[in-house]
Amino acid sequence: MTTVLHIDASVRAVSNPNPEHDSISKKLARRFISAFKSMIDIDEYMYRDVGINPPQYITQDWIGAVFTPEHNRTAEQKQVLAQSDEYIAELKKADIIVISSPMYNYGMPAQLKAWFDQIVRINKTFDFDLARGDRPLAPLLTGKTLVIITSSGEFGFEKGGINEAYGHLVPHLRTLSKYLGVTEIFEIASEYQEFADHRHQASLTQAEAKADKIAGELAKNLKPVTC
Ligand SMILES: Cc1cc2nc3c(=O)[nH]c(=O)nc-3n(C[C@H](O)[C@H](O)[C@H](O)COP(=O)(O)O)c2cc1C
């Protein structure tokens with residue numbers, strides 16, 4: 001039994017009148033979720049499509065509210081933080097976080113970054129103490145598993161790949177995952193979308209197989225041992 005938080009970030013819908021416009025990352029995430037659900041009972045499944053329903057951008061008022069002690073916050077400040085509070089409550093409940101994201105301009109979509117900006121919040125998901133020296137930030141959550149599912153038009157963003165230096169999507173997600181309380185990460189990537197050739201088909205096929213495999217591994221680890 002487990003709780004899953006699923007975040008999709010593509011601005012494309014999962015299915016469109018022309019299937020060539022369907023979001024690859026969302027389709028892969030759905031495949032992963034349905035494989036996982038077929039193997040294990042999920043206590044709670046929480047879903048957000050931040051690509052189609054973008055989070056608010058943080059503002060100066062948001063920062064002011066965050067740094068105001070909770071008991072001193074005005075009604076307006078509480079309202080400014082309402083979306084952040086809601087996202088953080090979902091994150092706290094989650095055992096497994098699934099983030100599907102397209103690569104836009106070599107990184108994550110602004111909508112997904114906006115979700116992280118609402119979530120990575122002082123005294124909620126991390127705290128700050130100069131007594132820690134040069135690394136004063138420490139996460140407050142732990143023990144979560146993250147499944148990162150990505151789709152890109154080009155290829156070779158992995159270590160040693162031809163576009164390694166431009167691959168800011170997965171490294172950024174990995175860096176931020178610390179503040180989600182993530183201690184285990186799985187990656188599924190489809191590449192070559194813009195080439196629309198056999199390499200894209202092969203990449204997609206391996207990503208689908210990997211989604212099924214990781215779903216199986218996670219479900220197996222969670223299943224109660226029966227004597
Ligand atoms: C605005 C925009 C920017 C993009 N930038 C990149 C990029 O920098 N590198 C890349 O490999 N692909 C890029 N692509 C291609 C997408 O990553 C690719 O179409 C991917 O499949 C989109 O994910 P989705 O299918 O889940 O919507 C871009 C696409 C769009 C629409």
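## Terms and model

Helices (H or I, at least four residues) and strands (E, at least two) are DSSP runs that are numbered from the N terminus. The model is a predicted one, in which local features need pLDDT of at least 70 and side-chain atom pairs count only at pLDDT 80 or more, while totals for chains, interfaces and linings use all residues. Residue numbers start from 1 along each chain as its sequence is written.

## Overall fold

The chain holds seven helices and seven strands, and along the sequence these follow the pattern β-α-β-α-α-α-β-α-β-β-β-α-β-α. The radius of gyration of the chain, taken over C-alpha atoms, is 19 Å, close to the 17 Å that the globule rule (2.2 Å times the number of residues to the power 0.38) gives for 227 residues, so the chain is as compact as a globular protein of that length. Along the principal axes, the C-alpha atoms fill a box of roughly 60 × 50 × 40 Å.

Of the 227 residues, 32% count as buried, where buried stands for 20 or more other C-beta atoms within 10 Å of a residue's own, exposed for 12 or fewer and partly exposed for values in between, with C-beta atoms placed from the backbone. Two residues are in contact if their C-beta atoms, placed from the backbone, lie within 7 Å; among contacts with a separation of 6 or more, 73% join residues 24 or more positions apart. An unreviewed UniProt entry lists residues 15–213 as "domain: Flavodoxin-like fold", with positions given in the numbering used here, feature names shortened, and annotations that may be inferred rather than shown by experiment. This span is 38% helix and 19% strand, and its end C-alpha atoms lie 24 Å apart.

Not counting residues up to four places away in sequence, Ile97 touches Leu5, Lys144, Leu146, Leu180 and Val182.

## Ligand shell and annotated binding site

The ligand is surrounded by 17 residues, the closest of which are Ser10, Ser25, Pro102, Gly153 and Glu154; a residue is near a molecule if its C-beta atom, placed from the backbone, lies within 6 Å of it. The largest share of this shell, three residues, comes from helix 1 (residues 24–39). By class, the shell divides into five nonpolar, eight polar and four charged residues, with Ala, Val, Leu, Ile, Met, Phe, Trp, Tyr, Cys and Pro counted as nonpolar, Asp, Glu, Lys and Arg as charged, and the others, Gly among them, as polar.

The unreviewed UniProt entry lists Ser10, Ser23, Ile24 and Ser25 under "binding site". Although spread over 16 residues of sequence, these positions cluster in space, with a largest C-alpha distance of 8.7 Å. Ser23 is found in the loop between strand 1 (2–8) and helix 1 and counts as buried, because it has 24 C-beta neighbours inside 10 Å. Leaving aside neighbours within four places in sequence, Ser23 is in contact with Ser10, Arg12, Ala13 and Val14. Ile24, found in helix 1, is also buried, with 24 other C-beta atoms within 10 Å, and touches Ser151, Ser190, Gln193 and Leu204, not counting residues up to four places away in sequence.

## Positive phi in loops

Asn105 has a positive phi of about 50° although it is not a glycine, and is found in the loop between strand 3 (96–102) and helix 5 (110–119). Asn105 is exposed, because 10 other C-beta atoms lie within 10 Å.
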